[in-house]
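In this notebook I record what I looked up in the structure shown below.

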Amino acid sequence: MSTTSALVVALKGGSNIGNAWFSLPQGVRYVASGNLGNVMFFVVDKVVYSQIITRFAEDLPMLINDHKESLCFFVSYLIQIVPQHYLNSAMVFGLHTIETKKKYFHSLLNTYLA
């Protein structure tokens with residue numbers, strides 16, 4: 001069984017780890033998911049800034065160039081919504097909440113609109 005498959009089984013509650021995890025209060029699971037997402041956001045922000053924004057900043061209009069850190073944060077945040085949505089679904093609410101493409105994209109769209 002691959003690592004990804006094992007993680008999915010664990011998070012669905014099909015193992016002792018999954019059962020133990022989902023026996024924790026939802027608030028604890030939310031804090032864990034949020035903190036993991038914050039670390040991921042930090043990495044995404046650093047990569048976007050160093051690999052994308054700084055490379056193209058000179059070619060952008062002055063207004064954008066003067067606010068490249070804010071632009072970077074905005075772009076990074078839009079990117080980070082997808083993995084954070086998945087983390088919350090998997091770690092807080094359970095993968096059954098996004099078990100079909102229709103459920104997943106409906107939930108993701110609501111996250112972007114929030």
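I located L78 in helix α5; helices are DSSP runs of H or I with at least four residues, numbered from the N terminus. I note that the model is predicted, that local features need pLDDT of at least 70 and side-chain atom pairs pLDDT 80 or more, while totals for chains, interfaces and linings use all residues. Residues are numbered from 1 along each chain as its sequence is written, and side-chain values use heavy atoms, without hydrogens or water.

Is L78 buried, partly exposed or exposed? I found L78 partly exposed, as its relative accessible area is 34%; buried means under 20%, exposed over 50%, and partly exposed in between, with a 1.4 Å probe and protein chains only.

I next examined the surface. L78 belongs to a nonpolar patch with F73, F74, Y77, V82 and Y112, and together they have about 570 Å² of accessible area. Such a patch joins nonpolar side chains within 5 Å, each residue having over 30% relative accessible area and no salt bridge (a side-chain nitrogen of Lys or Arg within 4 Å of a carboxyl oxygen of Asp or Glu). Helix α5, residues 68-93, gives the most to the patch, with 5 residues.

I then turned to S76, also found in helix α5. S76 is buried, with a relative accessible area of 0%. Beyond its neighbours within four places in sequence, S76 is in contact (heavy atoms within 4.5 Å) with F41, V44, D45 and V48.

Note on methods: Patch = residues over 30% accessible without salt bridge, like charges linked within 9 Å, V, L, I, M, F, W, Y side chains within 5 Å. Areas by Shrake-Rupley, 256 points an atom, 1.4 Å probe, with all protein chains shown as cover. Helix = DSSP H or I, 4+ residues; strand = E, 2+ residues; numbered from the N terminus.
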